[in-house]
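Let us take a walk through a protein model together, one piece at a time. Have the sequence and the 3D view ready, and turn the view as you read.

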Amino acid sequence: MEKFLTSLGIAGVILFLLLGIAQIYVGFLGIEYFYGSIWAWVAVFCAFFLRIVFPCTIGSYFGALYVLGWEWYFALAFALPGILFILPATITALISSFNKN
């Protein structure tokens, strides 16, 4: 049973990494579609080196919606994991900025 749970965890990590790579790629496509390739590369640079992933997350929604032609609810479900990770970090940053007395 322990081997099964370990292999299940490893498979989950691999699937989550693949989802992240797909979100970055579709985010690149979405930003490139609306703003051009230079801004898409800037967003990817910000995601990797500055840890600002919000543009790629929003770009992944619009990339899935307009470039790939998905329905809005599938595009939202595709972009939602990125938003769910951004939200707690934003709330933590806001609370810590108020606590600096």
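Tyr33 counts as exposed, at 53% relative accessibility. Before going on, please keep in mind that this is a predicted model, in which local features need pLDDT of at least 70 and side-chain atom pairs count only at pLDDT 80 or more, while totals for chains, interfaces and linings use all residues. Residues are numbered from 1 along each chain as its sequence is written, and side-chain values use heavy atoms, with hydrogens and water left out.

How are the rings of Tyr33 and Phe34 placed? A pair of aromatic rings is described by the distance of the centres and the angle of the planes. Rings of Phe, Tyr and Trp (its six-membered ring) pair if their centres lie within 6.5 Å; planes under 30 degrees apart count as stacked, over 60 as edge-to-face and the rest as tilted. A search of the whole structure gives 10 aromatic pairs. For Tyr33 and Phe34 the ring centres are 5.0 Å apart and the planes stand at 90 degrees, so this pair is edge-to-face. Tyr61 and Phe62 also form an edge-to-face pair, with 5.1 Å from centre to centre and 70 degrees between the planes. Phe62 counts as partly exposed, at 30% relative accessibility. Ring pairs join Tyr33, Phe34, Tyr61, Phe62 and Tyr66 into a cluster.

Now let us look at the helices. Helices (H or I, at least four residues) and strands (E, at least two) are DSSP runs, numbered from the N terminus. H1 has 34 residues, and its end C-alpha atoms are 49 Å apart, which agrees with the 50 Å that it should span at 1.5 Å a residue; the expected span is 1.5 Å times one less than the number of residues. The buried residues of H1 are Gln23, Val26, Gly27, Phe28, Leu29, Gly30 and Ile31. They pack against H2, H3 and H4, where contact means heavy atoms within 4.5 Å. Just after H1, Gly36 takes a positive phi of about 105 degrees.

Next comes H2, made of the 13 residues 37–49. From its first C-alpha to its last, H2 reaches 18 Å, close to the 18 Å expected. Which residues of H2 are buried? They are Ala40, Ala43, Val44, Cys46 and Ala47. These residues lie on the same side of H2 because they cover an arc of only 160 degrees around the axis, the arc being that of the directions from the helix axis to the C-beta atoms. On the other side of H2, Ile38, Trp41, Phe48 and Phe49 are exposed. The cover over the buried residues of H2 includes helix H1 (2–35) and helix H3 (54–67).

In the loop between H2 and H3 you will find Arg51. Its phi is near 60 degrees, a positive value in a residue other than glycine. Arg51 is exposed, with a relative accessible area of 74%.

Ser60 is in H3 and counts as buried, at 0% relative accessibility. Leaving aside neighbours within four places in sequence, Ser60 is in contact with Gln23, Val26, Gly27, Phe78 and Ala79. Thr57 is also in H3, and is buried with a relative accessible area of 5%. With neighbours within four places in sequence again left aside, Thr57 is in contact with Ala79, Gly82, Ile83 and Ile86.

Thr57 brings us to the last stop, the largest pocket. Its 22 lining residues include Val53, Thr57, Gly82, Phe85 and Ile86, which lie nearest its centre. H1, H2, H3 and helix H4 (72–98) each supply at least two residues of the lining, and H1 gives the most, with seven residues. Phe85 is found in H4 and counts as exposed, at 57% relative accessibility. On a 1 Å grid over the protein atoms alone, a cavity is a set of points where a 1.4 Å probe fits but cannot get out, and a pocket is an open set with protein on both sides within 12 Å along at least five of seven lines; lining residues have an atom within 4 Å of a point.

Key. Buried < 20%, exposed > 50% of the residue type's maximum accessible area, 1.4 Å probe, protein only.
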